[in-house]
Amino acid sequence: MTALNLARQLLNSTRRHVETSADPYVISRFGDLQIRVDVAAALLERAETHPSPVAATEAQIAAAEALIAASNAEFELTGQRTALPSTLDDPPARQIPDCRQLPPQRSALMSREIRLNAFDMNCVGHQSPGLWAHPRDRSWQYKDLEYWTDLAKILERGKFDGLFIADVLGIYDVYNGNGEAAIRQATQVPVNDPLSLIAPMALVTEHLVLA
């Protein structure tokens with residue numbers, strides 16, 4: 001069995017526990033796991049349709065990470081951990097050429113640049129409603145300037161190119177024809193004007209683009 005298939009198997013076994021839970025953190029945790037598995041599957045499909053050493057290695061890494069995440073989530077959400085096999089049926093990793101040994105203009109690995117852009121919102125629980133309940137989450141500090149300056153410094157230290165702060169007018173009021181659900185679940189509400197954050201974050205960074 002491949003790492004991706006085993007991750008899917010663990011995902012399905014964990015799904016039964018999630019379907020009986022109304023805890024926003026549990027639902028968000030499962031959603032993150034589903035995204036990891038989907039990303040690994042997409043990378044594997046790309047490696048098969050456009051084979052290259054880089055694509056194959058990326059797919060294997062994503063599948064392995066998805067399997068580890070699935071195993072950890074299974075234990076966290078159900079209290080049980082399925083024993084993983086000592087070996088998997090994934091194909092052996094192909095050798096990636098060392099780009100340091102190639103002239104810059106001939107290196108296939110350096111032909112295109114990757115832009116890393118972070119996405120946040122001046123509210124609690126931007127894209128993961130309920131995640132604020134996790135002990136390590138800091139989104140509830142969105143009202144504190146230090147939260148944003150710390151985020152800016154972390155992103156610049158991680159070589160990110162920019163940070164985009166989303167903004168909306170009003171609250172989401174489509175569900176049931178009113179905004180009660182959004183208010184009750186703190187779905188991007190309350191939300192503050194992001195413009196006041198730009199200057200402080202620019203003050204503590206040198207290269208990070210802010211928008």
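## Stop 1: the end of α4

Start just after α4, where Lys159 takes a positive phi of about 70 degrees. Helices (H or I, at least four residues) and strands (E, at least two) are DSSP runs, numbered from the N terminus. Lys159 lies in the loop between α4 and β2. The residue is one other than glycine, yet its phi is positive. Most residues other than glycine have a negative phi, and most peptide bonds are trans. Is Lys159 buried or exposed? Lys159 is exposed, with a relative accessible area of 67%. Buried means under 20% relative accessible area, exposed over 50%, partly exposed in between (1.4 Å probe, protein chains only).

## Before going on

This is a predicted model: local features need pLDDT of at least 70, side-chain atom pairs count only at pLDDT 80 or more, and totals for chains, interfaces and linings use all residues. Residues are numbered from 1 along each chain as its sequence is written, and side-chain values use heavy atoms, with hydrogens and water left out.

## Stop 2: the whole protein

Zoom out. The protein has six helices and three strands. Along the sequence they follow the pattern α-α-α-β-α-β-α-α-β. Of the 211 residues, 34% are buried.

Now colour by pLDDT, the predictor's confidence in each residue, from 0 to 100. The mean is 79, and 86% of the residues reach 70 or more. Select residues 93-97: the pLDDT there is below 50, and the stretch has eleven contacts in the model beyond near neighbours in sequence. Contact means heavy atoms within 4.5 Å. Where pLDDT is low, the predicted coordinates should not be read in detail.

## Stop 3

Select residues 24-49, helix α2. Its 26 residues should span 38 Å at 1.5 Å a residue, and its end C-alpha atoms are 37 Å apart, which agrees. The expected span is 1.5 Å times one less than the number of residues. The buried residues of α2 include Phe30, Leu33 and Val37. An α-helix has 3.6 residues a turn, so residues three or four places apart point the same way.

Next, select residues 53-78, helix α3. This helix reaches 37 Å from its first C-alpha to its last. Just after α3, Gly79 takes a positive phi of about 80 degrees.

## Stop 4: inside α4

Select residues 145-157. What do the buried residues of α4 pack against? They pack against β1, β2 (162-166) and α6 (195-203). Among the buried residues of α4 are Leu151, Ala152 and Leu155.

Show the side chains of Tyr147 and Trp148, both buried. A search of the whole structure finds two aromatic pairs. Tyr147 and Trp148 form one that is edge-to-face: 5.0 Å centre to centre, 85 degrees between the planes. Rings of Phe, Tyr and Trp (its six-membered ring) pair if their centres lie within 6.5 Å; planes under 30 degrees apart count as stacked, over 60 as edge-to-face and the rest as tilted.

## Stop 5: Ser139

Move to Ser139, in the loop between β1 (117-121) and α4. Ser139 is buried, with a relative accessible area of 10%. Its contacts include Cys123, Trp132 and Tyr147.

## Last stop: a cis bond

Select Val189 and Pro190. A cis peptide bond joins Val189 and Pro190, with omega about 0 degrees. Pro190 sits in the loop between α5 (180-184) and α6.
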